[in-house]
Amino acid sequence: MCGIIGYTGHRPAVPVVVEGLKRLEYRGYDSAGIGFVQNQDLHVVRAAGKLVNLEEKLASLDVFLATSAVGHTRWATHGAPTESNAHPHRAGSLCLVHNGIFENYEEYRRLLQSRGHVFSSETETEVLTALVADERKPGLPLLDAFARALRKAHGAYAVALMDQSEPDAIYAARRSAPLLLGIGAGENYVASDIPAFLPYTRNVVFLEDGEIIRITPSSWQIFSLEDLRPLPKSTHHINWDMQSAQKGGFRHFMLKEIFEQPRAIADCMAGRLNAAHTAVVIPELESSPLPPRLRIIACGTSFHAGLWAMPLLEEWARIPTCVEIASEFRYRNPLLMPGETALVISQSGETADTLAALRIARECRCPTLALCNVVGSSITRETDAVIYTQAGPEISVASTKALCSQMLVLLLLALYWGQRRGSLPSGFLPEALQALAALPAQLEAALPALQTEARALAQKYASVAGMFFLGRGQSYPLALEGALKVKELSYIHAEGYAAGEMKHGPIALIEPEFPSFILVPHDSLFTKSRSNLEEVQARGGPVIALTNPPKSDLNLAVPQTWIIPDAWGPLKGFFFLPALQLFSYEAATRLGKDVDQPRNLAKSVTVE
Ligand code: F6R
């Protein structure tokens, strides 16, 4: 996702900021820009594409006098990744960079247009910049005007602001997007992540939601956004090297990405609910008809996302849906019905089999839709419509947060199409949206305990030769995913199975040395899954039952349960998934495996 850095101090600011942006490149971006004041003039230089394009533009300018600057790498959300949509955006003497989504920008865009403001980009960030300028009244400090504008903005953001008439000061604020202060000697920084300023200072203040900050070379003050009361904050000293800093203090990227899932869920929802949070909006599909049928095509973990969502698409949106593995689909003569929509799911957008399947669907003249995480990837360039999963870059080879974001977007799609068809029962949507709104915080609170339990189970079971992951209904694809993760990370043979299929053969494998992780959430299949669990137990197989906190009629008689926090309906899956991911992570690290780069695997499978 986007990266921000602001610098004010004694060095030439432009090179410091460009170097900082390079160290934020890992976050992913598709355009970049910088704003600085030199010779009392505000300059904004922006370029589409990689940072080298921005550097080329800067090379032809004399930029060495500026000692304050704000820089940005943009990961397109509202508006294409063009130079005019790149940040910073300007309004009068102000320039602003922004990470996140200003959800209710449309109402302010209209208001500001009615007051004569002319916008030159498609972005909500330009509206936010103009809103700050609009709040600026004679005698009112910029801090107050900035705070007033931010109080009106719904959504997640980290923002940094500069003013031509106050060239040494940078203002910044955050809500649900990362922002830190770096404290140097005679210089200060704000940035989305520590690596941006790590070569210059290791003294950091972590900003919290609802905080706003003003920095100059010799001072920093943090205030509450609500009433601008100064806030005491403590400084932390960072000992990490650059690589660990990019891992945010986690031992591996995979662990970091598992813990980023609450953030990924919040980012996925941003901009996809209306301002009152009473309806799902998918602007990318507003002009497309409701698909009469869906053919979901994907590979690996992305295939599991499709399987997980199929019952929701059928039950809520009443769309007949089938899910296929891309490498199978591409080598038969698929029969696609007129109007049937091919929905391809891919984190990377480069998976060769998925891309080939997409091309076949196009040849069959099917409408095509992609769910993808990487902006501008091959798949996104070849589909009729793209919905970005907005999980941010996934660096670890094993997919974790990408799946979480795919599940979330698919769930939103099922609600969206159900809402359009009118097939959702009355009162269902508000209940779903309320539960969704609470999900990121609930998951964030649950993750540490899930990791502790995963570690204990890994200690007990990481030495076995093989294990089952069993589930029914929406727990079946999660069981497949649990098994896939164990295989690819720890190289233990793990089999994911539909629990009801066990008696048709695989139950022969059950013996005291062969454990089964059985997913038994409190859903409509609870008693069925419990019976399958009992069948395994009766044959002497050790069972680890992943289930929700016991209730009087929802109980399991098993020696080993793993209690997973409960949630509304299918949201339960968002807690079972990280439990399984964490188990595979803990088992693999215990066995000393290369978690982020398992043997024989590549992050992007561009060969068939
Ligand atoms: C497993 C994993 C793979 C990918 C698969 C598809 O952890 O990462 O199974 O899910 O290679 O990749 P994308 O989603 O990029 O098409």
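User: In which loop does L228 lie?

Analyst: This is a predicted model in which local features need pLDDT of at least 70, side-chain atom pairs count only at pLDDT 80 or more, and totals for chains, interfaces and linings use all residues. Residues are numbered from 1 along each chain as its sequence is written, and side-chain values use heavy atoms, with hydrogens and water left out. L228 has a positive phi of about 60° although it is not a glycine. With strands taken as DSSP runs of E of at least two residues, numbered from the N terminus, L228 is placed in the loop between β13 (219-224) and β14 (236-237).

User: Which residue does a cis peptide bond join to H87?

Analyst: The residue in question is found in the loop between β4 (68-74) and β5 (89-91). Omega of the bond is about 5°. The partner of H87 in this cis peptide bond is P88.

User: Which helix gives the most to the shell around the ligand?

Analyst: Helices are DSSP runs of H or I of at least four residues. Both α9 (300-315) and α15 (475-490) supply at least two residues of the shell. The helix that gives the most, with 3 residues, is α9.

User: Of the residues around the ligand, which come nearest?

Analyst: A residue is near a molecule if one of its heavy atoms lies within 4 Å of it. Around the ligand there are 14 residues. Those that come nearest are S302, S346, Q347, T351 and E488.

User: How much of the accessible area of the ligand does the protein cover?

Analyst: Polar contacts here are pairs of N or O atoms within 3.5 Å. A polar side-chain atom of T351 lies 2.5 Å from an oxygen atom of the ligand, and a polar side-chain atom of E488 also lies 2.5 Å from a ligand oxygen atom, while a backbone N or O atom of S399 lies 2.9 Å from one. Of the 400 Å² of accessible area (Shrake-Rupley method, 1.4 Å probe) that the ligand has on its own, the protein covers 89%.

User: What area do domain 2 and domain 3 bury between them?

Analyst: An automatic or database domain assignment gives domain 1 (3-246), domain 2 (250-424) and domain 3 (441-596). The C-alpha centres of domain 2 and domain 3 lie 25 Å apart, and 28 residues of domain 2 are in contact (heavy atoms within 4.5 Å) with 28 residues of domain 3. Buried area is the accessible area (1.4 Å probe) that two parts lose on being put together, summed over both. With 73% of it on carbon and sulfur atoms, the area that domain 2 and domain 3 bury is about 2400 Å².

Note on methods. Polar contact = N/O pair within 3.5 Å; in protein donor to acceptor, adjacent residues only side chain to side chain.
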